[in-house]
Amino acid sequence: MNRTMNKIPISCKCTTAGRVHLLEELIQAFLNLDYDGDYELVIVNDYIHQTLHFDHPKVRVFNCEPFETIGHKENFAIEQCKFDNIAILDDDDYCSPNHLDNVNKYLPGHGLLHWNKGVFWNKDRIVTLRCLGNSGICYTKDAWKGAGRYPLGNAGSDMDFVTNIQKAGFKVSRAVPDDRDVSWWYRWGMNNYNQSGMGHDNNNEENILIRHARFLEGERRAGRIPTGDIELKPHLNMDYEGLLNKYLADNGIQ
C-alpha cells in the first residue's frame with residue numbers, strides 16, 4: 001500500500017526579500033523534513049537587487065518585480081502552490097523534521113491551523129514553549145478563497161486574513177503537540193526587519209514597504225547583503241534539534 005495515500009499533500013510557502021542568510025537556513029530545514037506524503041516549497045522573492053537560484057525537484061523559486069502590497073505578493077505565492085493545503089514557512093523562522101507530520105495531524109477537517117504550542121526563540125536561545133500567534137499558520141485554499149483571498153494591505157494584513165477566515169465560518173484547529181513533538185519555531189531578534197507586531201497601516205507613518213525598502217537599501221550600501229545572481233546554499237547555523245533536546249532535558253521533560 002502506498003503510504004502517501006494516508007497523508008495530505010502540502011505546499012510550503014515562503015515569501016522573501018533580501019534575507020538570503022535566513023532563507024538558506026529555512027531551505028535546509030525544509031530539506032530535512034521527514035514526510036512521506038507529497039510536499040513542495042514555493043519561494044517568492046521580489047527584492048530587485050537579488051535573483052535567487054536553487055535547483056531541487058521539490059523547490060520552486062519565483063523572482064518577481066516588487067509587488068504593490070504584501071497582499072498581492074501573498075496571493076501570487078498561493079496561486080503558485082500546487083496543493084490545496086498551505087503551510088507558511090517564513091524565512092526567519094524554523095521547522096523541525098516532523099513539522100509536516102504535525103500539519104497532517106492537526107489541519108485536516110479545518111480551514112485554519114494555529115500553533116498553540118511551539119518553540120519561542122529569542123536571538124540565540126529557546127526561551128519557552130508557548131502559543132505562537134499567527135506565526136507559521138497553515139490553511140486550505142478553500143479557506144483562502146472563502147475569506148476573499150489575502151487582503152490587499154500591508155501592516156496587519158496577516159491578522160485581517162486570519163480574522164476573515166474565521167468570519168467566513170471555517171473551523172480553526174489550535175494545535176497543542178506534546179512537548180517532545182513541537183515542530184514550529186518562531187524566531188525573534190534575528191537582526192532583520194521584522195514586520196510582526198507593527199499594527200495596521202495608518203496615515204501617521206510611511207507605508208511599511210517603504211520602510212522595509214529603506215532598511216534593505218541601507219544594508220546593501222553597507223555591503224551586508226549580497227546582490228546579483230545568487231545560488232542559494234542551504235545550511236543550518238546551529239544544531240536546533242540538539243538545542244531543543246537540551247532545553248527539554250534541562251526542564252525535566254522526558
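This is a predicted model: local features need pLDDT of at least 70, side-chain atom pairs count only at pLDDT 80 or more; totals for chains, interfaces and linings use all residues.

Trainee: Got it. How many helices and strands are in the chain?

Mentor: The chain has 7 helices and 13 strands; these are DSSP runs numbered from the N terminus, with helices being H or I of at least four residues and strands E of at least two.

Trainee: And what radius of gyration does the chain have?

Mentor: The chain has 18 Å, which agrees with the value near 18 Å for a compact globule of 254 residues. That radius is taken over C-alpha atoms, and the globule rule is 2.2 Å times the number of residues to the power 0.38.

Trainee: What share of the residues is buried?

Mentor: Buried residues make up 50% of the 254, where buried means under 20% relative accessible area, exposed over 50% and partly exposed in between (1.4 Å probe, protein chains only).

Trainee: Let's switch to strands. How many residues of E2 are buried?

Mentor: In strand E2 (residues 39–45), 7 of the 7 are buried, so the strand is largely enclosed by the rest of the structure.

Trainee: Which way do the E2 residues point?

Mentor: Tyr39, Leu41, Ile43 and Asn45 point one way, while Glu40, Val42 and Val44 point the other way. In a regular strand the side chains alternate between the two faces of the sheet.

Trainee: Which strand is E2 joined to by 7 bridges?

Mentor: That is strand E1 (residues 10–16), and the two run parallel. Ile10 has Tyr39 as its bridge partner in E2. For pairing, DSSP has to find at least two bridges between two strands.

Trainee: Does Tyr39 turn up elsewhere, or rather, what sits over its ring?

Mentor: The charged end of Lys58 does, 4.3 Å from the ring centre. The criterion is NZ of Lys or CZ of Arg within 6 Å of the ring centre and within 35 degrees of the ring normal. Arg130 likewise has its charged end over the ring of Phe120, 4.5 Å from its centre.

Trainee: What about the open sheet: in what order do its strands come?

Mentor: The order is E6-E12-E8-E9, with mixed pairing. Its edge strands are E6 (94–95) and E9 (125–130), each pairing on one side only. E6 and strand E12 (residues 184–188) run antiparallel, joined by 2 bridges, and Tyr94 has Trp185 as its bridge partner in E12.

Trainee: Now rings. How many aromatic pairs does the search find?

Mentor: It finds 14 in the whole structure. Rings of Phe, Tyr and Trp (its six-membered ring) pair if their centres lie within 6.5 Å; planes under 30 degrees apart count as stacked, over 60 as edge-to-face and the rest as tilted. Tyr106 and Trp115 have ring centres 6.3 Å apart and planes at 85 degrees, so that pair is edge-to-face. Tyr106 is buried at 15% relative accessible area, and Trp115 is buried at 1%.

Trainee: And which residues do ring pairs link into a cluster?

Mentor: Tyr94, Trp121, Trp185 and Tyr240.

Technical notes: Residues are numbered from 1 along each chain as its sequence is written. Side-chain values use heavy atoms; hydrogens and water are left out.
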